[in-house]
Amino acid sequence: MENFDNEMRLIFQAKSCNEALARMTVAAFLTPLNPTLEELADTKTAVSEAVTNAIIHGYGEEGGTVELWCARKDKEVFFYVKDTGCGIPDIAAAMEPMYTSKPELERSGMGFSFMEVFTDELVVESAVGEGTIVKMKKIIG
């Protein structure tokens, strides 16, 4: 287990109203590192997109829980967003810009693209029927 300066874990219901909770929690977690407004906005957007994907694409109407894990080591910040929903059958296709598994909901298909642009590292792991974990790293400063 890596030795982090700080870490936290938040588990919440997969409901759209909790997207704001995830954004504010991440902002509070980053504050001691004195991020720029751009770094703060980028990170909040990336985490929010991952949470939104878990809620809409991972669970849909079924509901479930989303786990947000954050850790810091020096200026590196790690974020994992995990669901135990339906999983992603083709991660490469899902990460293509404009791809969406829910076109009827008028989704833009840009979630993974935003996560990739707004973080320094992005890894997506998924198994059909078991869920998805989105791992992001952001270097502050």
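Modeller: A salt bridge is a side-chain nitrogen of Lys or Arg within 4 Å of a carboxyl oxygen of Asp or Glu. By that rule the structure holds five salt bridges. Note that this is a predicted model: local features need pLDDT of at least 70, side-chain atom pairs count only at pLDDT 80 or more, and totals for chains, interfaces and linings use all residues. Residues are numbered from 1 along each chain as its sequence is written, and side-chain values use heavy atoms, with hydrogens and water left out.

Biologist: Why is the pair Glu76 and Lys137 called a salt bridge?

Modeller: The closest N and O atoms of Glu76 and Lys137 are 3.1 Å apart. The limit is 4 Å. The pair qualifies as a salt bridge. Glu76 lies in strand S3 and Lys137 in strand S5, so the bridge ties together parts 61 residues apart in sequence. Strands (E, at least two residues) and helices (H or I, at least four) are DSSP runs, numbered from the N terminus.

Biologist: What makes Lys137 buried and Glu76 partly exposed?

Modeller: Buried means under 20% relative accessible area, exposed over 50%, and partly exposed in between (1.4 Å probe, protein chains only). Lys137 has 12% relative accessibility, so Lys137 counts as buried. Glu76 has 26%, so Glu76 counts as partly exposed.

Biologist: How do you know that Glu121 also pairs with Lys137?

Modeller: Their side chains meet at 3.2 Å, N to O, and the limit is 4 Å. That is a salt bridge. Glu121 lies in strand S4 and Lys137 in strand S5, so this pair links parts 16 residues apart in sequence. Glu121 has a relative accessible area of 40%, so Glu121 is partly exposed.

Biologist: What links Glu125 and Lys135?

Modeller: A salt bridge, at 3.1 Å from N to O. Glu125 is in strand S4 and Lys135 in strand S5, so the pair ties together parts ten residues apart in sequence. Glu125, at 37%, is partly exposed. Lys135, at 23%, is partly exposed as well.

Biologist: Which residues do salt bridges that share partners join into one network?

Modeller: Glu76, Glu121 and Lys137.

Biologist: Are Cys17 and Cys70 buried or exposed?

Modeller: Cys17 has 58% relative accessibility, so Cys17 counts as exposed. Cys70 has 0%, so Cys70 counts as buried.

Biologist: What makes a set of residues a nonpolar core?

Modeller: The members are buried Ala, Val, Leu, Ile, Met, Phe, Trp, Tyr and Cys residues, joined through side-chain atoms within 4.5 Å. Here the largest such core has 31 residues, and Val47 and Met136 have the most contacts inside it. Helix H2 gives the largest share, eight residues.

Biologist: Which residues does Val47 touch?

Modeller: Ala22, Val26, Leu68, Phe79, Val81 and Met136, not counting residues up to four places away in sequence. Contact means heavy atoms within 4.5 Å.

Biologist: Which residues of helix H4 are buried?

Modeller: In H4 (residues 111-118), they are Gly111, Phe112, Ser113 and Met115. The buried residues of H4 pack against helix H2 (37-59), helix H3 (91-94), strand S4 (121-127) and strand S5 (131-139).
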